[in-house]
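Please look through the sequence and the model below before reading on.

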Amino acid sequence: MLGAVPTATAVLAQDAKPELANKLDPNAKEIDEPVLKAATAVKEEDGKYLDKDGHPTFHITNDGKKVDWYTYSGYRRYHAECHVCHGPDGMGSTYAPVLKDSLKRLSYEEFYGILAGGRQNHTAGNESVMPAFGDNKNVMCYANDLYVYLRARAAGAWGRARPGEKEEKPESAKTAEKECLGG
Ligand code: HEC
C-alpha cells in the first residue's frame, strides 16, 4: 500500500479568516448546512484548504462558479477512476453507492481507509465489491483531491457540473504529484 493514512493536525479556529468563507451560488438547491459548516476552511496553505480538524476541504467562490485546484482535480480524477461504478457526479448506480450522500457521514479517515483497502458486501444475491486502490498511484496520489470534490458534492456546495473557473495549480501540488507518481 502506498503511504499510511495521513494524520491530521487540528487547526485552531482563531486561524479562520473571512477570505476563506465560501461564496456559493445563491440559488444552490442542495445545501446540507451541517456538512457545509463542518467543511468550512479555517486555513489555507498554498491553495490547499483545511477545516478546523486539519482535514482537506474545498473552497468555492465567485457565486459558486470558481473552485480551488483540488476540487477541480478531484472532479477529473473521479470521472476517470470512479464514475464507471459510482455514476457521474457521485450520483450512484444500481451497482455502487451514491457517494455524494456517503460523504455526508464518512469521516476523512474512513474514506481513506475504504479507498485504500476496498470493501465487500456479501448479502445473498447482491455481491458488490469496492476494489482496493492502495497500490494504484493514479488514485492514491489524488486521494485528497477525490475527498475534497466529493465533500463539496455532499455539502451541496458544488452541483452536477464540470468546474469551469478554477484556482491555479499550486506549486506544492506539482511537487507532491511528481514525488508520489515517481516514488
Ligand atoms: C468496480 C466498481 C467500483 C469502482 C471503480 C469504484 N468503486 Fe467505490 N464502491 C463500489 C461498491 C460496489 C461499493 C459498495 C461496497 C459495499 O457494499 O460494501 C463501493 C463503496 C465505496 C465507498 C463507501 C461508500 C459508503 O456509503 O460507505 C467509497 C467511499 C467509495 N466506494 C469510493 C470510491 C472512489 C473514490 C472511487 C474512485 C477512485 C471508487 N469508489 C471506485 C464499487 C466501485
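## The chain as a whole

Of the 183 residues in the protein chain, 30% are buried, where a residue counts as buried if 20 or more other C-beta atoms lie within 10 Å of its own, as exposed if 12 or fewer do, and as partly exposed in between, with the C-beta atoms placed from the backbone. This is a predicted model, in which local features need pLDDT of at least 70 and side-chain atom pairs count only at pLDDT 80 or more, while totals for chains, interfaces and linings use all residues. Residues are numbered from 1 along each chain as its sequence is written.

The secondary structure of the protein chain consists of eight helices and eight strands; helices (H or I, at least four residues) and strands (E, at least two) are DSSP runs, numbered from the N terminus. Among the contacts in the protein chain with a separation of 6 or more, 69% are made by residues 24 or more positions apart, two residues being in contact if their C-beta atoms, placed from the backbone, lie within 7 Å.

## The nonpolar core

In soluble globular proteins, nonpolar side chains tend to be buried together. In this model the largest nonpolar core has 36 residues, and Phe58 and Ala152 have the most contacts inside it; such a core is a set of buried Ala, Val, Leu, Ile, Met, Phe, Trp, Tyr and Cys residues joined through C-beta atoms within 7 Å. Strand E2 and the helices H2 (69-81), H4, H5 and H7 each supply at least two residues of this core, and H7 gives the most, with nine residues.

Which residues is Ala152 in contact with, leaving aside its neighbours within four places in sequence? They are Phe58, Ile60, Thr71, Ala157 and Trp158.

## Two open sheets

Strands of a sheet pair through backbone hydrogen bonds, either parallel or antiparallel. E1 and strand E2 (residues 48-50) run antiparallel and are joined by three bridges, and Lys43 stands opposite Leu50 in E2.

Another open sheet is formed by three strands in the order E4-E5-E8, and here the pairing is mixed. Its edge strands are E4 (60-61) and E8 (165-166), each of which pairs on one side only. Strand E5 (residues 66-67) runs parallel to E8, to which two bridges join it, and Val67 stands opposite Lys166 in E8.

## Helix H5

Helix H5 (residues 108-117) has the buried residues Tyr108, Phe111, Tyr112, Leu115 and Ala116. Seen down the axis of H5, these buried residues fall within an arc of 120 degrees, so they line one face of the helix; the arc is that of the directions from the helix axis to the C-beta atoms. The buried residues of H5 pack against helix H6 (137-140) and helix H7 (143-155).

Glu109 is also found in helix H5, and is partly exposed, because 13 other C-beta atoms lie within 10 Å. Although Glu109 and His55 are 54 residues apart in sequence, they are 9.3 Å apart in space, C-alpha to C-alpha. Just after H5, Gly118 takes a positive phi of about 75 degrees.

## Around the ligand

There are 23 residues around the ligand, of which Cys82, Cys85, Ser102, Asn121 and Met130 come nearest; a residue is near a molecule if its C-beta atom, placed from the backbone, lies within 6 Å of it. Helix H3 (83-86), helix H4 (99-105), H5, strand E6 (119-123) and strand E7 (126-130) each supply at least two residues of this shell.

The shell divides into 17 nonpolar, four polar and two charged residues, where Ala, Val, Leu, Ile, Met, Phe, Trp, Tyr, Cys and Pro count as nonpolar, Asp, Glu, Lys and Arg as charged, and the others, Gly among them, as polar.

## Two aspartates in loops

Asp46 lies in the loop between E1 and E2, and its phi is near 45 degrees, a positive value in a residue other than glycine. Asp89, in the loop between H3 and H4, has a positive phi near 60 degrees.

Is each of these residues buried or exposed? Asp46 is exposed, because it has 10 other C-beta atoms within 10 Å, whereas Asp89 is buried, because it has 21.

Methods: Two strands pair if DSSP finds at least two bridges between them.
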